[in-house]
Amino acid sequence: MKKEISIQRLKKRKEQDFKEIYLSYYKLVYYVSLMIVKDEHIAEDIMQDTFVSFMNHIEDYQDDGKVKQYLTTISRNLSLNYLKRKSRVNEIADEEILASAGEKSNEYSRIDIMLTLEKTLSLQEANIVSLKVLFDYSFKEISEELNLTIGATQAQYYRAIDKLKEHFEKEGCYE
């Protein structure tokens with residue numbers, strides 16, 4: 001079982017506790033951002049900004065034991081803010097879109113897996129599967145994060161797993 005990080009110690013700026021929080025959640029925070037912004041480099045920047053924001057506002061954090069949800073909310077908000085700024089400035093580069101569409105590989109990278117989830121499943125189903133499988137969220141945590149009932153979360157998860165099995169059977173990847 002993972003050692004609980006003391007928010008009180010974080011509020012005292014204990015570096016070791018910050019490292020533990022970072023190592024526990026950086027992949028999840030990155031993934032949440034990547035699902036929104038669809039750019040690895042931007043997602044990395046947003047991940048770093050998430051932890052900076054968390055520490056800059058640690059005194060405001062109410063220790064209710066939901067650090068994971070708090071960090072994912074910060075990441076999601078920063079990612080959405082990025083998209084709003086980007087759309088306002090209208091800096092969508094055609095070259096980036098063409099380059100990412102043309103990238104093919106025989107080996108699945110994390111990006112390929114996430115794209116497969118997004119292609120095969122609805123956005124909500126992809127989020128549920130990734131939170132459950134990649135980041136070990138419980139159904140209760142997922143339902144709280146996505147404002148769903150636990151039953152709806154479980155039903156969508158199992159339906160999504162069936163869709164993925166069918167997809168990979170068609171691709172010849174699943175026996």
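Five salt bridges are found in this structure, which is a predicted model.

Start with Arg 76 and Glu 145. These two form a salt bridge, and their closest N and O atoms lie 2.9 Å apart. The pair links distant parts of the chain. Arg 76 sits in helix 4, which covers residues 67–89. Glu 145 sits in helix 8, covering residues 139–146. Glu 145 has 12%. Buried means under 20%, so Glu 145 counts as buried.

Now turn to Glu 125. This residue forms a salt bridge with Lys 163, and here the closest N and O atoms are 2.9 Å apart. Distant parts of the chain are linked by this pair too. Glu 125 belongs to helix 7 (residues 123–134). Lys 163 belongs to helix 9 (residues 150–171). They are 38 residues apart. Glu 125 has a relative accessibility of 5% and is therefore buried. Lys 163 is partly exposed, with a relative accessible area of 34%.

Which residues make up the network of salt bridges? Glu 125, Arg 159 and Lys 163 are linked in it.

Last, look within helix 8. Lys 140 and Glu 144 both lie there, four residues apart. That spacing is about one turn of the helix. Their side chains meet in a salt bridge, at 3.9 Å from N to O. Glu 144 is partly exposed, with a relative accessible area of 34%.

Key. Residues numbered from 1 in each chain as written. Predicted model: local features only at pLDDT ≥ 70, side-chain atom pairs only at ≥ 80, totals over all residues. Heavy atoms only, no water. Salt bridge = Lys/Arg side-chain N within 4 Å of Asp/Glu carboxyl O. Helix = DSSP H or I, 4+ residues; strand = E, 2+ residues; numbered from the N terminus. Buried < 20%, exposed > 50% of the residue type's maximum accessible area, 1.4 Å probe, protein only.
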